[in-house]
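Here is a colleague's note for someone opening this entry for the first time. Please read it with the structure in view.

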Number of protein chains: 2
Amino acid sequence: MANPTEANKPPRVIVYGVGAMGATVTRLLLDKGARIVGAIGRSPAKVGRDLGDVAGLDRQVGVTVESDARQVLARGADIAVVCVGSYLETMHDHFALCLEHGVNVVTIEEEAVYPWTTAPDLAQSLDALARVNGVTLAASGAQDIFWMNLITTLLGASHHVDKVIGQCCWNVDDYGPEVATHLNIGQPREAFDQYVSEHGWPEFVARQNLEALVSRLNLTVQDIRSDVTPVLANEPVICRALGIEVQIGSLIGTIDRTVVTTQEGPVFELSMEGRVYREGENDTNRWQVQGEPNLDLINESVPYRFTTCSSLVNRIPDVIAAPPGLLSLDQMGTPSYKHGTF
Amino acid sequence: MANPTEANKPPRVIVYGVGAMGATVTRLLLDKGARIVGAIGRSPAKVGRDLGDVAGLDRQVGVTVESDARQVLARGADIAVVCVGSYLETMHDHFALCLEHGVNVVTIEEEAVYPWTTAPDLAQSLDALARVNGVTLAASGAQDIFWMNLITTLLGASHHVDKVIGQCCWNVDDYGPEVATHLNIGQPREAFDQYVSEHGWPEFVARQNLEALVSRLNLTVQDIRSDVTPVLANEPVICRALGIEVQIGSLIGTIDRTVVTTQEGPVFELSMEGRVYREGENDTNRWQVQGEPNLDLINESVPYRFTTCSSLVNRIPDVIAAPPGLLSLDQMGTPSYKHGTF
């Protein structure tokens, strides 16, 4: 902010992506007193309407959802909160547009957690673009708290670490039909195996997360292995996201697991189970540290979908204040709670 | 370190206090490759002996336990690890001696977690002394991880906090006869009540801890209330620290609770139960966050005694690198694991 009279005012924010996550983010931004100065969407059903309507709030925000991102960004903002897609390949141009316009970016895009090895060219080009324009691109979300900083903090009590094992479980029904379809929910096991053998299976955020963790601990990756295991229904289960009943033996989810070994010795493993829940199940987070001493950390009830939005919004002041560049999660400071309004 | 050839060498450490905690710290320091350059004790049974013997290690360290702290400190060191007593009143002179000799201090002394309101004069005088001598005094221990930084990190996922409630349990038998006697272990309930009404009951580290937490969150204390509740045996329990069997109805521990309200609204409560354990019980740590969303964090098995030592040792590089002064826990950065040797 060049203008000193702006210094103590709440940040000017663009909501970039007005799907389910963008809607929750909008409500949290308004609670925090952020000045929403633009909203970008692509669905014809949303473009042209007030952001408050689109986000399902009971009030108008006075900001119209627009489809021309360039036009919205050209009017200026401190930061864009980008909730659009999950991989850097599809997100690169959206991010680049923000950075070119001198607008910081905080995003739930999972690959940006640690993009240096899975999308090195895109990551380096975005890093350079951010630096040239003096702004920052950083990812946050539930992973920032539950799969990264809680663990690095817990390890502050470790004398010696042999192995760190994380297991988390999230509800596929929280993320709509695209995610459920991507996971092959409802397909028979054979169809899933066939799909994986034909198309491969993209590494999930478990990989980026562990790489960020290892980097923060000043350790050096030796080897990374990822695999996927289908989770099959042992009774018929309703998938709300797809509006189907999954039959016994068909997929209700997958376990995406990554194991990272380091040159220095410690091994890191993270299993992320995305599954259609039965009534009464909660998102969970469990970590075990094998070493001296053995340690554990459990979150019995983690609403990942909501905390992805709340963690993202809490990061806004941090990202605005951060040095320019693409900052992977290991390069960001510790997250924190911001009480009241910005 | 003025001498640049010293820059990459492991820190020169003085073990100040060679009781049970100092013994564990000594072993961890040696594992981490620290250069132990002095050891200070007061018991005639320990003074004059090799630190390795005194610490119960199976090797000599080549450092003799000395009783004249001034003489040891005068030979110079980067940091003193001070494990002697629990309140600033008794610890002030030990700390002052270190600081006067230009030696940084990291300590398990609990009041130094946040000494500004319970011992303001001593805290300010030590802060000034540290600044004049260009060194740092900071407390660490299990509280640094489990009652402070894990919580501030978890709250990074909170949109709005109403109340934060911590409950932890530690084993009185882990800390020797002085602590057990101080807690009135084995006394009938009437004797405990009588003792409290005559002598009062000192606020435990729960208070300092919550004050540090509130300060880190940029909130303002409105009111602080502490109370103590005896925990009574409902069956005979052996107290190893005192070598006695506690009878039914007599004290096996206390619950020290502090509640801090803030001007901004959030309320913080921490109950610390120090109790003689039955076979098979573990130290535990549980936190609940009431707000949007509700969150929780559980450590089912926390060896507090050991993690107090390991957290302290992990903090050594942080304290050496920190700016001069007495830094309360809220003023220190996030703790971290240091793999291998310093």
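This is a predicted model: local features need pLDDT of at least 70, side-chain atom pairs count only at pLDDT 80 or more; totals for chains, interfaces and linings use all residues.

The numbered points below go from the chain's division into domains, through sheets and hairpins, to the contact between the chains.

1. Next, the domains. Chain A is split into domain 1, covering 4-140 + 315-331, and domain 2, covering 143-303. Their centres, taken over C-alpha atoms, are 26 Å apart. Domain 1 of chain A puts 12 residues into the contact between them, and domain 2 of chain A puts in 13. On the domain 1 side, the residues fall into four nonpolar, four polar and four charged.

2. Look at the open sheet of chain A. Seven strands make it up, in the order S3-S2-S1-S4-S5-S6-S15, with parallel pairing. Which strands stand at its edges? They are S3 (65-66) and S15 (325-327) of chain A, and each pairs on one side only. S15(A) runs parallel to strand S6 (residues 136-139) of chain A, and three bridges link the pair. Within that pairing, Leu137(A) has Leu326(A) in S15(A) as its bridge partner.

3. Chain B has an open sheet too. Its seven strands follow the order S3-S2-S1-S4-S5-S6-S15, again with parallel pairing. S3 (65-66) and S15 (325-327) of chain B each have a single partner strand, so one side of each is left without a neighbour in the sheet. Further in, S1 (residues 12-16) and S4 (residues 79-82) of chain B pair in the parallel sense over four bridges. Val13(B) has Ile79(B) in S4(B) as its bridge partner. Helix H5 (residues 120-132) of chain B lies across S6 (136-139) and S15 of chain B, at about 125° to S15(B).

4. Now turn to helix H1 of chain A. H1 (residues 20-31) lies across strands S1 (12-16), S2 (35-40) and S4 (79-82) of chain A. Its direction is about 165° to that of S1(A). Val25(A) belongs to this helix. Is Val25(A) buried or exposed? Val25(A) has 29 other C-beta atoms within 10 Å, so Val25(A) counts as buried. Leaving aside residues up to four places away in sequence, Val25(A) touches Val15(A), Val81(A), Cys83(A), Cys309(A), Leu312(A) and Val313(A). The C-alpha atoms of Val25(A) and Ser310(A) are 7.3 Å apart, although 285 residues separate the two along the chain.

5. Some strands of chain A pair in the antiparallel sense. Strand S8 (residues 221-232) and strand S11 (residues 251-262) of chain A run antiparallel, joined by 11 bridges. S11(A) is also antiparallel to strand S12 (residues 267-275) of chain A, through nine bridges. S11(A) and S12(A) form a hairpin with four residues between them. Gly265(A), in the turn, has a positive phi of about 125°.

6. A further hairpin is worth checking. S13(A) and S14(A) form it, with two residues between them. S13 (residues 284-292) of chain A and S14(A) are antiparallel, with five bridges. Trp287(A) stands opposite Leu297(A) in S14(A). Which residues of S14(A) lie on its covered face? They are Leu295(A), Leu297(A) and Asn299(A), while Asp296(A) and Ile298(A) are on the uncovered face.

7. Then the contact between the chains. Chain A gives 39 residues and chain B gives 40 residues. On the chain A side, the elements that give two or more residues are H1, H6 (142-154), S14 (295-299) and H10 (304-314). H6(A) gives the most, with seven residues. The chain A side divides into 18 nonpolar, 17 polar and four charged residues. The copies meet through the same surface, because 100% of the interface residues of chain A are also interface residues in chain B.

8. Finally, the symmetry. Chain A superposes on chain B by a rotation of 180° with 0.0 Å of shift along the axis, at an RMSD of 0.0 Å. The two copies are therefore related as by a two-fold rotation axis. Which C-alpha of chain A is nearest the axis? It is that of Ile298(A), 2.5 Å away from the axis. Recall that Ile298(A) is on the uncovered face of S14(A).

Note on methods
Residues are numbered from 1 along each chain as its sequence is written. Chains are lettered from A and ligands numbered from 1 in the order in which they are written. Two strands pair if DSSP finds at least two bridges between them. Two residues are in contact if their C-beta atoms, placed from the backbone, lie within 7 Å. Axes are lines fitted to C-alpha atoms, for helices over the stretch in contact, and angles run from 0 to 180 degrees between N-to-C directions. Ala, Val, Leu, Ile, Met, Phe, Trp, Tyr, Cys and Pro count as nonpolar, Asp, Glu, Lys and Arg as charged, and the others, Gly among them, as polar. Domain bounds come from an automatic or database domain assignment. Copies are superposed by least squares on the C-alpha atoms of residues with pLDDT of at least 70 in both. A residue is buried if 20 or more other C-beta atoms lie within 10 Å of its own, exposed if 12 or fewer, and partly exposed in between; C-beta atoms are placed from the backbone.
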